[in-house]
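Please walk through this structure in order, from its overall build to single residues. The sequence and the model are shown next.

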Amino acid sequence: AVLRRMLSLHDFEDAARRRLPRPIFGYIAGAAEDNASLRDNRAAFGDFAFVTRVLRDVSQRSQSVELFGERYSSPFGIAPMGINALSTYRGDLVLARAARRMGIASVMSGTSLIPMEDVARDSPGTWFQAYLPGDQARIEALIERVERAGFRTLVVTVDIPISANRENNIRTGFSTPLRLSLRLAWDGLVRPRWVAGTFLRTLLRHGMPHFENSFATRGAPIVSSTVLRDFSARDHLSWRHIEAIRRRWKGPLVVKGLLSVEDALQAQHAGADGVVLSNHGGRQLDGAVSPMRVLEDVVAAVGPSYPVLVDGGFRRGSDVLKAIALGARLVLVGRPFNYAAAVAGEAGVLHAITLLRDEVDRNLAMLGATGCSELGPQHIARQRS
Ligand code: FNR
């Protein structure tokens, strides 16, 4: 019933705010410092406007795209997000399943609380996102585990050399390790559905959640500090590590979290099969440029046949199609799918995907195109918003 009131991806945010304890909602919604990048990720779309074409017989339309030898039913997929299993019961399985049912791409996070093997088995075709541990031996052990689990596409996220300043997490009481505080207990009391449906259900069936995938070995419970130590030992990583992974990983390899033309060329040179332009949803360097603002230059540099993916602030079919017109191959969407899972589990995510898909379909028609490959920079005018 609640889904009937979810008319756009925006609507899931308020609904999720009402359902999730404040620290957890804040962790998902929040960004770094002053939220400048978070806001600009949305504002950037205003600088691009559509130039439509008319009377072009758009009765036969398809929004499907091909990437890394797979066909996806829509030009958007689900971005990797850590700790999804605190949003809804077994959250990573929920998101991957919904994506698979709808035929869209989905990336599971390396900082998830569900073992990667469970997701790979349950939803083959899911991509795996890795944060690299700090030393070569553990990187190799991790890659081996990802391969053995059966993943084909590996995304390596490179925009966390160190943890960002996420003051909002401190303000709302979210931390890793998670502190089981009075505030969380109070928040739970007033949100019994989350406590019973997500938290207690998880605790009773699986025990205290663990970070299952971040690093080579099955890791620490979310209430221990091991993961933090791991995160702080990665600031020396370099392109040499990507080159080493390239030699080792046979499937498609994607580098996520870059913004500069030079880095995109560097990734291409290192043998990556594609890149994700991203400022991590505004969660790392506050003030980092919005991927939409660098997209065209990056595409021009790496060439039209090199897959450039993009994420950050995509909420509408029109946002997605602006990126596609500027040369992106696929768009990733983060927070809204997390909220959708929190609001109504798999049904919520299916509904969110359907809403965005319908928007893309309508907008394609109004643009005068029957498929994504017909879109190009000629469909975009730059404007000052
Ligand atoms: C993220 N993001 C992220 N990225 C990644 O590579 N690994 C991760 O584990 C996470 N974790 C994560 C958790 C949460 C709660 C959020 C909101 C985001 C970043 C994510 O993949 C993506 O880049 C942004 O979320 C895209 O922006 P939007 O769509 O959320 O605005």
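Helices (H or I, at least four residues) and strands (E, at least two) are DSSP runs, numbered from the N terminus. Residues are numbered from 1 along each chain as its sequence is written. The model is predicted: local features need pLDDT of at least 70, side-chain atom pairs count only at pLDDT 80 or more, and totals for chains, interfaces and linings use all residues.

The protein chain contains 15 helices and 12 strands. Its radius of gyration is 20 Å, close to the 21 Å that the globule rule gives for 385 residues, so the chain is as compact as a globular protein of that length. Here the radius of gyration is taken over C-alpha atoms, and the globule rule is 2.2 Å times the number of residues to the power 0.38. The C-alpha trace spans about 60 × 50 × 40 Å along its principal axes.

A residue is buried if 20 or more other C-beta atoms lie within 10 Å of its own, exposed if 12 or fewer, and partly exposed in between, with C-beta atoms placed from the backbone. Of the 385 residues in the protein chain, 49% are buried. Two residues are in contact if their C-beta atoms, placed from the backbone, lie within 7 Å. Among contacts between residues at least 6 apart in sequence, 72% join residues at least 24 apart.

Next comes the sheet. Two strands pair if DSSP finds at least two bridges between them. An open sheet of 8 strands has the order S4-S11-S10-S9-S8-S7-S6-S5, and the pairing is parallel. Its edges are strand S4 (76-78) and strand S5 (107-108), each of which pairs on one side only. Thr 157 stands opposite Lys 256 in S8.

A residue is near a molecule if its C-beta atom, placed from the backbone, lies within 6 Å of it. The ligand is surrounded by 25 residues, the closest being Ala 79, Ser 109, Thr 157, Gly 281 and Gly 334. Helix H2 (22-29) and helix H15 (335-367) each supply at least two residues of this shell. By type, the shell divides into 7 nonpolar, 14 polar and 4 charged residues. In this count Ala, Val, Leu, Ile, Met, Phe, Trp, Tyr, Cys and Pro are nonpolar, Asp, Glu, Lys and Arg are charged, and the others, Gly among them, are polar.

In soluble globular proteins, nonpolar side chains tend to be buried together. A nonpolar core is a set of buried Ala, Val, Leu, Ile, Met, Phe, Trp, Tyr and Cys residues joined through C-beta atoms within 7 Å. The largest one has 108 residues, of which Val 275, Ala 328 and Val 331 touch the most other members. H15 gives the most to this core, with 15 residues. Leaving aside its neighbours within four places in sequence, Val 331 is in contact with Pro 75, Phe 76, Val 310, Asp 311, Phe 314, Val 320 and Ala 323.

Val 275 is also among the contacts of Ala 264; beyond four places in sequence, the others are Leu 258, Val 298, Ala 301 and Val 302. Ala 264 lies in helix H12 (residues 261-269) and is buried, with 24 other C-beta atoms within 10 Å.

The loops supply the remaining examples. Gly 313, in the loop between strand S10 (308-311) and helix H14 (317-325), counts as buried with 24 C-beta neighbours inside 10 Å. Gly 313 and Ala 43 are 270 residues apart along the chain, yet their C-alpha atoms are separated by 8.8 Å.

Which residues have a positive phi without being glycine? Asp 57 has a phi near 45°, and His 280 has one of about 65°. Asp 57 sits in the loop between strand S1 (48-50) and strand S2 (65-67) and is exposed, with 7 other C-beta atoms within 10 Å. His 280 is in the loop between strand S9 (274-277) and helix H13 (291-302) and counts as buried, with 22 C-beta neighbours inside 10 Å.
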